[in-house]
Amino acid sequence: MLTLKDISKQFDNRLILDNINLTVKDGEILCIVGPSGAGKTTLLRSISGLERVTSGKFLLDGQAFDPYENRENDSVIGVVFQDFQLFPNLTVMENITLAPRLVLKKTNEEAEQEAREKMAQLNLAGKESLFPYQLSGGQKQRVAIVRALAMNPKILCYDEPTSALDPDLRQEVESIIVGLKQQGMTQIVVTHDMTFAENIADDIFQVSPRNE
Amino acid sequence: MLNYIMEILPSLLSGAGMTLQIFFWTIILSIPLGVILGLGLTSKFKPLTALIKFYVWLMRGTPLLLQLIFVFYGLPVIGIVFDRYDAALFAFVLNYTAYFAEIFRGGLQSILKGQYESAKVLRLTYWQTLRKIVIPQVFKIVIPSVGNEVINLIKDSSLVYVIGIGDLLRAGNVATARDVTLIPLVLVGVIYLLLTAVVTYILGKVEARYSTWR
Ligand SMILES: Nc1ncnc2c1ncn2[C@@H]1O[C@H](COP(=O)(O)OP(=O)(O)O)[C@@H](O)[C@H]1O
Ligand SMILES: [Mg+2]
């Protein structure tokens with residue numbers, strides 16, 4: 001369970017997040033919604049340790065936890081970026097196994113075996129030796145999901161998972177996210193698409209733009 | 001004429017050997033140094049970037065010929081003495097490192113922030129990120145510009161002539177002056193063309209290897 005207590009974030013004295021309090025329960029899907037510019041991405045980046053918050057606390061299962069500093073500990077947060085950010089110089093398999101090998105010190109065989117299992121689940125079998133430029137948008141996203149899962153995160157975060165895809169792929173993203181929930185994964189999904197959020201969410205958190 | 005060519009060829013080839021030696025060592029030393037200084041140029045520590053910028057400005061803003069003469073004939077005046085070969089190598093490495101640093105800086109700056117962030121959330125260290133993700137992408141971007149510099153270096157290496165090193169050009173010039181014929185200089189030209197052709201071919205291979213991904 002991840003809890004945010006009075007989290008605030010300023011950029012150059014501009015307050016973007018104002019005393020955010022929220023809880024993500026284990027095995028649930030939390031959707032963070034709000035209009036463009038409200039600060040959804042900023043909130044997700046703060047949770048995933050890419051932005052240092054200005055004030056407030058994070059608690060993981062009741063223990064204080066600083067995502068920004070906590071780089072050495074167990075994998076807590078996995079991230080699927082809006083534009084996926086696959087590594088163009090690495091094949092699909094290498095994209096997925098790079099961090100497990102270098103960071104978790106898994107052997108090649110172990111890492112590849114696990115990657116194959118997860119790839120099969122997300123319908124990526126046979127794509128192992130392709131490079132990212134050879135994949136469709138939906139395939140890139142699924143590789144990004146497998147790559148994040150390969151680090152065994154406690155929570156998986158997505159920023160606007162439907163925005164870079166054709167509208168008819170929304171259904172597919174929904175079923176992936178719901179499928180992962182059934183396997184017990186805790187997920188945070190940022191979206192500005194209310195229908196999508198209502199379809200998948202256990203809980204919805206609204207971020208409102210601050211008018212100064 | 002064939003006899004004459006066979007007669008002078010050994011001295012030309014030994015000159016070419018010297019040219020290749022300088023070429024080779026300059027590449028081996030100045031490309032890694034260029035990567036390191038290129039990283040320095042993109043660092044957030046301002047005094048460091050300022051220092052490297054000054055160095056690059058100095059090296060690119062003055063002739064390599066002057067730098068060579070400065071190292072070999074100038075520095076002994078203040079008690080720093082290099083032998084000919086070391087002086088040549090020192091000047092070439094200093095000069096080419098500056099060009100490579102600039103090229104790698106450009107390459108490094110074209111890698112988007114998202115790649116670093118994506119590596120960071122996968123908990124790769126900075127060095128792992130550089131080695132596995134950033135540098136391969138930078139290499140692909142800079143291959144054409146590095147290739148140009150490498151070709152230039154083959155030709156620039158003839159500048160060691162002025163500090164009395166027995167390179168290819170000197171070998172040709174000596175034979176021409178002695179035998180009063182153009183043949184040695186023409187041969188020198190042919191050998192340079194062969195060298196640049198080989199390097200161009202190798203660069204093409206490297207480029208092809210990096211073209212499996214985009
Ligand atoms: N690094 C940054 N520096 C300054 N302002 C930023 C930065 N990142 C985001 N912002 C600002 O924060 C606000 C919220 O942005 P963002 O979190 O991307 O919103 P959303 O994802 O909800 O569209 C925007 O006004 C944006 O300009
Ligand atoms: Mg956003």
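Is Glu112(A) buried, partly exposed or exposed? Glu112(A) is partly exposed, at a relative accessible area of 28% (buried means under 20% relative accessible area, exposed over 50%, partly exposed in between, with a 1.4 Å probe and protein chains only).

1. Basis of the note. This is a predicted model, in which local features need pLDDT of at least 70 and side-chain atom pairs count only at pLDDT 80 or more, while totals for chains, interfaces and linings use all residues. Residues are numbered from 1 along each chain as its sequence is written, chains are lettered from A and ligands numbered from 1 in the order in which they are written, and side-chain values use heavy atoms, with hydrogens and water left out.

2. Helix 3 of chain A. Glu112(A) forms a salt bridge with Arg116(A) (3.5 Å, N to O); the term denotes a side-chain nitrogen of Lys or Arg within 4 Å of a carboxyl oxygen of Asp or Glu. Both residues lie in helix 3 (residues 108–121) of chain A, 4 residues apart, about one turn of the helix (helices, H or I of at least four residues, and strands, E of at least two, are DSSP runs numbered from the N terminus). Arg116(A) is partly exposed, at 39% relative accessible area.

3. Further salt bridges in chain A. Lys106(A) pairs with Glu114(A), the closest N and O atoms being 2.9 Å apart. Lys106(A) is buried at 15% relative accessibility, whereas Glu114(A) is partly exposed at 25%. Arg170(A) and Asp193(A) also meet in a salt bridge (2.9 Å, N to O). This pair links distant parts of the chain, 23 residues apart: Arg170(A) is in helix 5, and Asp193(A) in the loop between strand 8 (186–190) and helix 6 (194–200) of chain A. Arg170(A) is partly exposed at 27%; Asp193(A) is buried at 16%.

4. Domains of chain A. Domain 1 comprises 1–76 + 153–212 and domain 2 comprises 88–152, with bounds from an automatic or database domain assignment. Their centres, taken over C-alpha atoms, are 23 Å apart. In contact (heavy atoms within 4.5 Å) are 14 residues of domain 1 and 12 residues of domain 2. The buried area is about 980 Å², with carbon and sulfur atoms giving 66%; this is the accessible area (1.4 Å probe) that two parts lose on being put together, summed over both. Ser75(A), Pro153(A) and Ile176(A) supply 40% of the area that domain 1 buries against domain 2, more than any other three residues.

5. Charged pairing between the domains. The rule finds 1 salt bridge across this interface. Glu172(A) and Arg142(A) meet in a salt bridge at 3.2 Å, N to O.

6. The interface of chains A and B. Here 28 residues of chain A are in contact with 19 residues of chain B. About 2300 Å² is buried between the two chains, and carbon and sulfur atoms give 59% of that area. The count between the chains is 1 salt bridge; Glu117(B) and Arg45(A) meet in a salt bridge at 2.7 Å, N to O. On the side of chain A that touches chain B, the elements giving two or more residues are strand 6 (77–80) and helix 2 of chain A, and helix 2 gives the largest share, 3 residues.

7. Asn95(A) lies in helix 2 (residues 92–102) of chain A. Asn95(A) is buried, with a relative accessible area of 1%. Leaving aside neighbours within four places in sequence, Asn95(A) contacts Leu86(A), Phe87(A), Leu90(A), Pro132(A) and Arg147(A).
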